[in-house]
There are 2 protein chains.
Amino acid sequence: MPAPVSNRGFGPARHAELALLLEVAGTPKPGNVDRRHDLSDLHFEHFLTGAVGSAEGLRLAEEGASVGEAFETAVEGMGKQGGGNTQFGCLLLLVPLVKAAATGDLSPGGGRTVVEQTTIDDAVSFYRAFEHVDVAVGDPPEDAHELDVRRGSNAESALRERELTLYDVMVLSAERDANAREWTDGFARSFRAAASILDDEGPVTDRVARAFIDLLTEEPDTLVVTNHGEEVARDVMTRAAEVSDRDDAEALADEFVAEGINPGTTADIVCAATFIALEKGVRL
Amino acid sequence: MPAPVSNRGFGPARHAELALLLEVAGTPKPGNVDRRHDLSDLHFEHFLTGAVGSAEGLRLAEEGASVGEAFETAVEGMGKQGGGNTQFGCLLLLVPLVKAAATGDLSPGGGRTVVEQTTIDDAVSFYRAFEHVDVAVGDPPEDAHELDVRRGSNAESALRERELTLYDVMVLSAERDANAREWTDGFARSFRAAASILDDEGPVTDRVARAFIDLLTEEPDTLVVTNHGEEVARDVMTRAAEVSDRDDAEALADEFVAEGINPGTTADIVCAATFIALEKGVRL
């Protein structure tokens with residue numbers, strides 16, 4: 001066996017694709033598809049296919065395409081499997097982080113610069129991406145029905161009239177959506193979880209699973225709020241905080257699957273964290 | 001949930017990368033790393049990383065690079081993880097099949113045309129690929145020590161003196177190596193296993209696992225012969241033939257891991273079969 005070789009020969013786009021794979025492989029991530037868990041209509045293999053399908057859009061991001069173009073391309077490729085939405089939220093975080101890494105500044109400030117430079121065209125592409133896959137989302141704010149993401153490209157005129165960049169759209173959603181909050185907050189949770197993955201030991205997929213539990217205790221998961229309401233999402237946090245070892249996590253995984261609880265937004269953030277950890281040199 | 005979308009938007013290189021992922025995800029594949037099994041120093045995450053690392057070489061194959069250049073690039077990228085050799089044999093089968101698919105003739109005859117057109121330079125690249133990763137191989141034939149693959153690029157002058165193409169090298173190895181035999185035999189087992197994957201039902205990773213067991217009953221696994229000898233390899237065939245359901249396969253997986261039996265060549269062939277099945281339209 002040769003001495004372990006670092007994976008540092010990979011560029012940011014390949015690291016992002018690998019992060020999608022390591023994220024879904026990390027087990028147990030209670031309530032989510034992972035290496036040892038499928039959901040009834042959403043299987044591990046759909047995520048493998050989604051990751052490979054995302055690669056072209058991630059490559060565009062590395063090569064300097066706009067956030068909107070890269071994201072829409074990635075989502076379109078990701079959707080080329082029968083499971084539905086597998087990694088929309090992951091890609092929303094990965095695309096700006098790949099761009100930041102490609103310019104040599106993968107940091108909260110570097111991420112902030114990328115997202116603050118997004119344009120109205122990026123916002124239009126983002127809305128169009130919702131036409132490629134069925135994404136679970138909450139209702140828009142009271143005064144913003146014209147900006148409901150479910151309108152897809154029909155929202156274009158409203159976006160142009162109000163001169164909203166993709167960053168502006170995220171600011172409007174930040175209160176209700178943890179991924180949007182990463183955009184407006186220098187990807188704070190992603191960078192913090194990346195540090196814990198880097199500090200941790202053992203197989204990376206095990207570190208991913210531990211980081212997931214930690215993140216789950218911090219904030220209500222946006223997808224759980226969307227599907228089950230705030231109270232259930234708070235209960236999920238409490239139950240995650242009671243996990244003290246792998247057996248507890250496995251038991252919680254069984255419970256969440258039985259209850260139909262799927263903390264998907266927390267998985268998105270751990271995916272972004274895994275990408276950052278790979279870029280910062282975590283060894284596989 | 002939208003209607004299932006086929007994965008047909010992927011080109012051959014992406015399908016090959018996906019085949020690497022689906023192959024290692026298929027479980028149980030007794031004695032091999034899979035979605036539910038790690039070996040002591042070789043983990044699932046090493047295979048995920050190897051698959052992503054292979055992508056650049058597979059893309060070269062799709063774009064018309066020589067077999068040797070594409071293969072060596074793929075192996076170099078595959079080796080960028082600490083587990084050692086993960087998918088050398090898979091890539092030896094995938095690269096010519098990707099080239100055949102890219103020219104629109106993914107068939108035994110199309111595969112044969114690609115391998116028969118290989119050159120002495122391809123042979124040199126193939127030998128050089130052994131310098132990128134530690135591959136378990138048997139001894140060369142009595143009269144061919146100059147052509148021992150473990151000599152890496154030191155074998156170049158012998159290859160050029162004897163004017164051996166990569167196809168010629170495979171002909172010399174075909175008797176002892178099931179992957180070389182695929183090269184000289186129109187990828188017969190790969191195409192047959194692909195047909196069984198296409199005819200089968202359920203998640204593709206389950207079909208991969210069933211095809212693996214079937215292949216294992218057919219012939220002694222080359223890697224098992226290399227590591228444990230012909231008699232053990234024959235015993236592996238007998239034990240695989242006694243598997244009648246998933247529980248049997250799980251039990252055999254535990255036994256093989258305990259005995260250090262790793263039928264890796266059979267996994268290579270099921271990977272090639274998975275690629276063919278993806279190209280022929282298996283849905284995910």
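Biologist: Happy to start with Leu94(B). Which residues does Leu94(B) touch, beyond those up to four places away in sequence?

Modeller: Leu94(B) touches Ala16(B), Ala19(B) and Leu58(B), and also Cys271(B), Ala272(B) and Phe275(B). Each of those pairs counts as a contact because the C-beta atoms lie within 7 Å. Bear in mind that this is a predicted model.

Biologist: What makes Leu94(B) stand out in the largest nonpolar core?

Modeller: That core has 186 residues, and Leu94(B) is among those with the most contacts inside it, together with Leu94(A), Leu97(A), Leu97(B) and Ala272(B). In soluble globular proteins, nonpolar side chains tend to be buried together.

Biologist: Why is Thr274(B) called buried?

Modeller: The cut-off for buried is 20 or more other C-beta atoms within 10 Å. Thr274(B) has 32 such neighbours, so it counts as buried. Thr274(B) belongs to helix α15 (residues 264-279) of chain B. Apart from residues up to four places away, Thr274(B) touches Ala19(B), Leu22(B), Glu23(B), Ile197(B) and Val208(B).

Biologist: And why does Ser196(A) count as partly exposed?

Modeller: Partly exposed lies between the limits of 12 or fewer for exposed and 20 or more for buried. Ser196(A) has 15 C-beta neighbours inside 10 Å, so it gets the label in between. Ser196(A) sits in helix α10 (residues 188-199) of chain A. Leaving aside neighbours within four places in sequence, Ser196(A) is in contact with Ala211(A) and Asp214(A). In space, Ser196(A) and Ala273(A) are 9.0 Å apart, C-alpha to C-alpha, though 77 residues separate them in sequence.

Biologist: Nice. Stepping back to the whole chain, what makes chain A as compact as a globular protein of its length?

Modeller: Chain A has 15 helices and 0 strands. Its radius of gyration is 18 Å, close to the 19 Å that the globule rule gives for 284 residues, so chain A is as compact as a globular protein of that length. Buried residues make up 57% of chain A. Of the contacts in chain A with a separation of 6 or more, 73% join residues 24 or more positions apart.

Biologist: How do you know that the two copies are related as by a two-fold rotation axis?

Modeller: A rotation of 180° with 0.0 Å of shift along its axis superposes chain A on chain B, with an RMSD of 0.0 Å. The copies are thus related as by a two-fold rotation axis. Arg35(A) is the residue of chain A that comes closest to that axis, at 3.0 Å (C-alpha).

Biologist: Why do you say the copies meet through the same surface?

Modeller: Because 100% of the interface residues of chain A are also interface residues in chain B. The contact takes 35 residues from chain A and 35 residues from chain B. On the side of chain A that touches chain B, the largest share, 7 residues, comes from α2(A). By class, that side has 15 nonpolar, 11 polar and 9 charged residues.

Biologist: Finally, how confident is the predictor, and where is the pLDDT below 50?

Modeller: For the complex, the predictor gives an ipTM of 0.95 and a pTM of 0.96. Chain A has a mean pLDDT of 94, and 97% of its residues reach 70 or more. Over residues 1-5 of chain A the pLDDT is below 50. Where pLDDT is low, the predicted coordinates should not be read in detail.

Key
Residues are numbered from 1 along each chain as its sequence is written. Chains are lettered from A and ligands numbered from 1 in the order in which they are written. This is a predicted model: local features need pLDDT of at least 70, side-chain atom pairs count only at pLDDT 80 or more; totals for chains, interfaces and linings use all residues. Two residues are in contact if their C-beta atoms, placed from the backbone, lie within 7 Å. Helices (H or I, at least four residues) and strands (E, at least two) are DSSP runs, numbered from the N terminus. Ala, Val, Leu, Ile, Met, Phe, Trp, Tyr, Cys and Pro count as nonpolar, Asp, Glu, Lys and Arg as charged, and the others, Gly among them, as polar. Copies are superposed by least squares on the C-alpha atoms of residues with pLDDT of at least 70 in both. A nonpolar core is a set of buried Ala, Val, Leu, Ile, Met, Phe, Trp, Tyr and Cys residues joined through C-beta atoms within 7 Å. pLDDT is the predictor's confidence in each residue, from 0 to 100. The radius of gyration is taken over C-alpha atoms; the globule rule is 2.2 Å times the number of residues to the power 0.38.
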